[in-house]
Amino acid sequence: MITVRIFICCFCLNTLFACKNENEKKVNTINVSDTLPNKNPYVNIDQSPLDMSWYPTNYPIEKMKGNTSLKLIARLLYSRPHKKGRKIFGDDSTALCMYGKPWRLGANEASEIDFFENVIIAGKNINKGTYTIYCIPHDDRWTIVLNNDLYTWGLNIDEDKDLFRADLPTMPQLPIVEDFTMFFNDMQTGCTLTMAWDNVKVELPIVFAR
């Protein structure tokens, strides 16, 4: 009788540990897509949603308040991919953004930047207007490019329409950024456009008259 009870207890403990280990495996295999909301009954949720950044950063709020004295300098439209455990930057084919290969600074349609005033970037005069913005990442720097080829998708970039190029040093990004992010910050002579993803960030100074 004692032997039977010991056997039953051992069986129950083994079953309990097996279930615990199985549940731990399930938890460890959850990825970003598993945590997204249920599908929209009309249109599926875009895995790389469209976002917009402004300078001044509070421009939309002030505009809705009726503040007409605040000047809009720049606006940026881009889609924001997720890291999802992938290798983002590197010099081999396993990297999503390979060193030396053009990257559209986002996903889906090419990222576009609007300047509503003339600005100066890396000593070059940039006229107000709309431009495609993309980059060529390297280990120690990104080459940021403004291009006149608008409304393009993916990496279908016509390099003959490049208007401007500048090499900017990469900086470490901590904590790691899960969602690719671009935003404007104040600086004394204008603003900076910060681009950050994974463990890397780059800052593009933009000079304009205050």
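Modeller: Happy to. Keep in mind that this is a predicted model. Let's start with Thr-143, which you'll find in strand 9, the run covering residues 141–147. Is Thr-143 buried or exposed? Its relative accessible area is 10%, and the cut-off for buried is under 20%, so Thr-143 counts as buried. Look at what surrounds Thr-143: leaving aside residues up to four places away in sequence, it touches Tyr-134, Cys-135, Ile-136, His-138, Arg-165, Ala-166 and Asp-167. With Asp-167 there is also a polar contact, which joins the two side chains at 2.5 Å.

One of those neighbours, Arg-165, leads us on to charged pairs. Arg-165 is linked with Glu-159 and Asp-162 in a network of salt bridges. As background, side chains of opposite charge can pair when their charged atoms come close. Searching the whole structure turns up 10 salt bridges.

Take Lys-161 and Asp-149, whose side chains meet in a salt bridge at 3.9 Å, N to O. Both residues sit in the loop between strand 9 and strand 10 (162–169), so this pair ties together parts that are 12 residues apart in sequence. Lys-161 is partly exposed, at 38% relative accessibility, whereas Asp-149 is buried at 15%.

Next, find Glu-117 and Lys-71. They form a salt bridge, and their closest N and O atoms are 2.9 Å apart. This pair links distant parts of the chain, 46 residues apart: Glu-117 is in the loop between strand 5 (107–115) and strand 6 (119–121), while Lys-71 is in the loop between helix 2 (59–64) and strand 2 (74–79). Glu-117 counts as buried at 18% relative accessibility, and Lys-71, with a relative accessible area of 46%, is partly exposed.

Then there's Asp-198 with Lys-83, a salt bridge at 3.2 Å, N to O. Here the link runs between strand 12, where Asp-198 lies, and the loop between strand 2 and strand 3, where Lys-83 lies; the two are 115 residues apart. Asp-198 is buried at 8% relative accessibility, and Lys-83 is buried too, with a relative accessible area of 15%.

Now for the rings. How many aromatic pairs are there? The count comes to 11. In one of them, Tyr-55 and Phe-208 have ring centres 5.6 Å apart and planes at 55°, so the pair is tilted. Tyr-55 belongs to strand 1 (residues 50–55) and Phe-208 to the segment after strand 12 (190–207), so parts that are 153 residues apart in sequence are tied together. Both of these residues are buried.

Compare that with Phe-89 and Trp-197: their ring centres are 6.4 Å apart and their planes stand at 90°, so this pair is edge-to-face. Phe-89 is in strand 3 (residues 89–90) and Trp-197 is in strand 12, so the pair ties together parts that are 108 residues apart in sequence. Phe-89 is buried, with a relative accessible area of 10%, and Trp-197 is buried as well, at 0%.

Note on methods: Residues are numbered from 1 along each chain as its sequence is written. This is a predicted model: local features need pLDDT of at least 70, side-chain atom pairs count only at pLDDT 80 or more; totals for chains, interfaces and linings use all residues. Side-chain values use heavy atoms; hydrogens and water are left out. Helices (H or I, at least four residues) and strands (E, at least two) are DSSP runs, numbered from the N terminus. Buried means under 20% relative accessible area, exposed over 50%, partly exposed in between (1.4 Å probe, protein chains only). A polar contact is a pair of N or O atoms within 3.5 Å; within protein, one must be able to donate a hydrogen and the other to accept it, and residues adjacent in sequence count only if both atoms are side-chain atoms. Contact means heavy atoms within 4.5 Å. Rings of Phe, Tyr and Trp (its six-membered ring) pair if their centres lie within 6.5 Å; planes under 30 degrees apart count as stacked, over 60 as edge-to-face and the rest as tilted. A salt bridge is a side-chain nitrogen of Lys or Arg within 4 Å of a carboxyl oxygen of Asp or Glu.
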